[in-house]
Amino acid sequence: MDYEHYTGAWDKNGDWVSEPNDLNQHRINMGYAYRLAPNWQASVTLPYVFNRNKYPTFERNTSGIGDGTVSVWYEAFEKITCVWDVKQWEDLMPAIYMGGTLTVHNGTSLYDDVADNFDITGRGAYRRDASVLIDTTIYPWNMTFGATYGKYLERPVNQEYGTNVEPYRKQLGDRLNTTLSFGYTYFTDEMESITGTLAYAILKEDEATIDGTVDTTSGFEKETISATLALATENRDWVYKLTFNHSPTSDGWGDNFATTNVITVGVSHVLR
């Protein structure tokens, strides 16, 4: 579950402006993963989105299904790479994960029959992502680097906010998301684990095109800082996570995008 509160936005020049109104979005994210083979895993996710917006003279509450994802991941290692002591060079070998994801526009977008932004729950376009995750763990310390490159599929458009427009083709810009995190794990006497993680991320999306012409009002960049606390049971079949994600509310940390604070509460269970 995500609880997202909007604090403001960066303009195209990277200058930050605060948000005077109470704008929020809550998401219930359901997911399921299945082990296809020893090194292969497939998963699907689907969010349900609640928009909660309060202005001085009115309030709008809407909800609907958001954009879902279908993913396949490959683990490029044959044995567990986590170690307690470095005794040989092989102990420094990281765990490498490679994945592909398809974002499906189940959600409602501005290209659907909607009145305004309050009804929007998705981007309105399919996107293909290629991801790599590199993880090194020498207990109790952990470092992870992740990168995802995404490319949207071009789509036809003939209406915006419920109004018919001259048909055109639109392609949202390519996006790159990179993350670097550091973590520390404490093990209890019962071998339950408590892990704290700090992460820094940069998300950048290029400008979109309309009938091949660059839309100079689009594209964005944002930097975020997050902290996560995770508790796993002894046999790792239950994992509980609490994450706080913060967009700095000052100039130069992004452009053409909203700043938010997001609290995420997650529970995962392994069916053996």
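Predicted model: local features only at pLDDT ≥ 70, side-chain atom pairs only at ≥ 80, totals over all residues.
Residues are numbered from 1 along each chain as its sequence is written, and side-chain values use heavy atoms, with hydrogens and water left out.

Strands are DSSP runs of E with at least two residues, numbered from the N terminus, and two strands are taken to pair if DSSP finds at least two bridges between them. Strand β19 (residues 257-269) runs antiparallel to strand β1 (residues 2-10), to which eight bridges join it; within this pairing, Asp 2 stands opposite Thr 264. Strand β17 (residues 238-246) also pairs with β19 in the antiparallel sense, over nine bridges, and Asn 261 of β19 is the bridge partner of His 246.

Strand β11 (residues 163-171) is paired with strand β14 (residues 209-210) over two bridges, and Lys 170 has Ile 210 in β14 as its bridge partner.

Most residues other than glycine have a negative phi, and most peptide bonds are trans. In the loop between β8 (127-138) and β9 (141-152), where Pro 140 lies, a cis peptide bond with omega of about 10° joins Tyr 139 and Pro 140. Arg 236, found in the loop between β16 (220-232) and β17, has a positive phi near 65°. Met 191 likewise has a positive phi, of about 65°, although it is not a glycine, and its place is in the loop between β12 and β13.

The loop between β12 (175-187) and β13 (193-205) also holds Glu 192, which is partly exposed at a relative accessible area of 32% (buried means under 20%, exposed over 50%, and partly exposed in between, with a 1.4 Å probe and protein chains only). Glu 192 gathers with Asp 189, Glu 190 and Glu 234 in a surface patch of negative charge, where a patch consists of residues with over 30% relative accessible area and no salt bridge, like charges being joined within 9 Å and nonpolar side chains (Val, Leu, Ile, Met, Phe, Trp, Tyr) within 5 Å. A salt bridge, in turn, places a side-chain nitrogen of Lys or Arg within 4 Å of a carboxyl oxygen of Asp or Glu.

How values were computed: Areas by Shrake-Rupley, 256 points an atom, 1.4 Å probe, with all protein chains shown as cover. Lys, Arg positive; Asp, Glu negative; His and termini not counted. Charge placed at Lys NZ, Arg CZ, Asp CG, Glu CD. Helix = DSSP H or I, 4+ residues; strand = E, 2+ residues; numbered from the N terminus.
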